[in-house]
Amino acid sequence: MIPLNLVVVGLMAFWLESGTAAECTLIHKQSKETAAYLKLKPLFGRRYSVKDDEYLYSVGICTSGMENPPDAGSTVAVWQQKLDEHRNPLSDSKPVKIGQYNQTDIKAGKNWVYLEYLEGEKYNSHCNNEKRKAVILITCDPEATDNANPLEIIEESKNRTEGCYYLFELAHPEVCEVETQNKSLSVGSIVLIVFSCVAAVYLIAGALYQRFVLGAKGIEQIPNYEFWKDFGNLQADGCDFICRSQNGRKSTPYKGVGDDQLDDPDDRDDNLLPM
């Protein structure tokens, strides 16, 4: 039978580990309700890994970079492990602590999040022996998936006297800004809505008047039924009047004046004689 004290210690260790498994501690005492923290929150607890020519990097988002870290209860978010000639982690090489998630700085923009882990192990001969830190730039990529290993190691900037860092880039759709569409109606939409409402009132009110006041039945309940019945003919007449190249009136052909249409010359001369 397992001693009770061991059970209690195990439960407490599990509780402590689970309580810190997906939670970042901000160094600037910022509220955890800030936009940057909330933007990163969907990624809490996720782990990624990436290799360069010499090392394997294990990165956790507000959690331990390794599922089974060498130090129980470790708050290290980024680990560095030396690779052998087969690009496997050396079993006899101790992982290096790059940054811890209980020393975190988070900033965010429209489609990116800047995540910084501080308090890593000190450099041996670089950067004035300052402590290592990891910078993870999480950018928007709607097509990225965790299965495609979206993490990349950009550089280790250590050829300086201070401010050295490890720079990673992580592409993920969770940090993409949701575009809000403008829901205001255009002028054309407003005119169409008003026209539809007026037409509906005209048809309904007119049909009720035709039926209950004038006693119309069937299709004659349509308001102004005779007008709408002839509306097509009116349109056809208008089109014929405007668009046709020939009109309905035939021109009278020119005819010369015949001799039979002329008056008698003597009659015309008589009008010129004095009375």
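Glutamate 116 is buried, with a relative accessible area of 8%, where buried means under 20% relative accessible area, exposed over 50% and partly exposed in between, computed with a 1.4 Å probe on protein chains only. Before I go on, please keep in mind that this is a predicted model, in which local features need pLDDT of at least 70 and side-chain atom pairs count only at pLDDT 80 or more, while totals for chains, interfaces and linings use all residues. Residues are numbered from 1 along each chain as its sequence is written, and side-chain values use heavy atoms, with hydrogens and water left out.

Let me stay with glutamate 116 and turn to its partner. Lysine 133 forms a salt bridge with glutamate 116, and the closest N and O atoms are 3.0 Å apart; by salt bridge I mean a side-chain nitrogen of Lys or Arg within 4 Å of a carboxyl oxygen of Asp or Glu. This pair links distant parts of the chain, since glutamate 116 sits in strand β5 and lysine 133 in the loop between β5 (112-118) and β6 (134-140), 17 residues apart. Helices (H or I, at least four residues) and strands (E, at least two) are DSSP runs, numbered from the N terminus. Lysine 133, at 21% relative accessibility, counts as partly exposed.

Because lysine 97 lies in strand β4 (residues 96-108) and aspartate 71 in the loop between β2 (55-60) and β3 (76-82), the pair ties together parts that are 26 residues apart in sequence. Lysine 97 is partly exposed at 24% relative accessibility, and aspartate 71 is also partly exposed, with a relative accessible area of 30%.

The other joins aspartate 105 to lysine 107, whose closest N and O atoms are 2.6 Å apart. Here aspartate 105 is buried, with a relative accessible area of 5%, whereas lysine 107 is partly exposed at 41%.

Stepping back to the fold, the protein has five helices and eight strands, and from the N terminus on the elements run α-α-β-β-β-β-β-β-β-β-α-α-α. Of its 275 residues, 27% count as buried.

Now to glutamine 221, which lies in the loop between α3 (187-212) and α4 (225-243). Is this residue buried or exposed? At 19% relative accessibility, glutamine 221 counts as buried. Its side chain is joined to that of arginine 211 by a polar contact of 3.2 Å, a polar contact being a pair of N or O atoms within 3.5 Å, where within protein one must be able to donate a hydrogen and the other to accept it, and where residues adjacent in sequence count only if both atoms are side-chain atoms. Leaving aside neighbours within four places in sequence, glutamine 221 is in contact, meaning heavy atoms within 4.5 Å, with Gly206, Ala207, Gln210, Arg211 and Ala216.

With that definition of contact in hand, I can close on the chain as a whole: residues 24 or more positions apart account for 51% of the contacts in the protein with a separation of 6 or more.
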